[in-house]
Amino acid sequence: MKMKKRVLCVYDGPRRLWKDDMMLDSEFEVRMRLGDSGAYVTDLDVNTLKRANALLNATEEEKGPWVPDDAADIHQLMS
């Protein structure tokens, strides 16, 4: 069994909106040809780009408040 992995990190400037790991068995991947060349794109690649686009098009309310990673204190966040 051969797995393909995609790691999606979506940033809005210095703010990381999302990090996600996706894995798919190569046996189940769907390849779509790109034009007449031998190049292709997989369904996993297409879905990865759709997720990134959805996150980048989110409103500020949907993105939520931004807390810089280096300033995050667990006790402050939990209070």
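Lys4 has Leu24 as its bridge partner in strand E2. Strand E1 (residues 3–12) and strand E2 (residues 15–25) run antiparallel and are joined by 10 bridges; two strands pair if DSSP finds at least two bridges between them. E1 and E2 form a hairpin with 2 residues between them, and Gly13 in the turn has a positive phi of about 70°.

This is a predicted model, in which local features need pLDDT of at least 70 and side-chain atom pairs count only at pLDDT 80 or more, while totals for chains, interfaces and linings use all residues. Residues are numbered from 1 along each chain as its sequence is written, and side-chain values use heavy atoms, leaving out hydrogens and water.

The protein chain has 3 helices and 4 strands, in the order β-β-β-β-α-α-α from the N terminus. Helices (H or I, at least four residues) and strands (E, at least two) are DSSP runs, numbered from the N terminus.

A salt bridge is a side-chain nitrogen of Lys or Arg within 4 Å of a carboxyl oxygen of Asp or Glu, and the count comes to 7. One of them joins Lys4 and Glu29 (3.3 Å, N to O). Lys4 lies in strand E1 and Glu29 in the loop between E2 and strand E3 (31–33), 25 residues apart. Both are buried, meaning under 20% relative accessible area, with exposed meaning over 50% and partly exposed in between (1.4 Å probe, protein chains only). Glu29 also meets Arg31 in a salt bridge (2.9 Å, N to O).

Arg15 and Glu60 form another salt bridge (3.8 Å, N to O). Arg15 is buried at 9% relative accessibility, whereas Glu60 is exposed at 53%.
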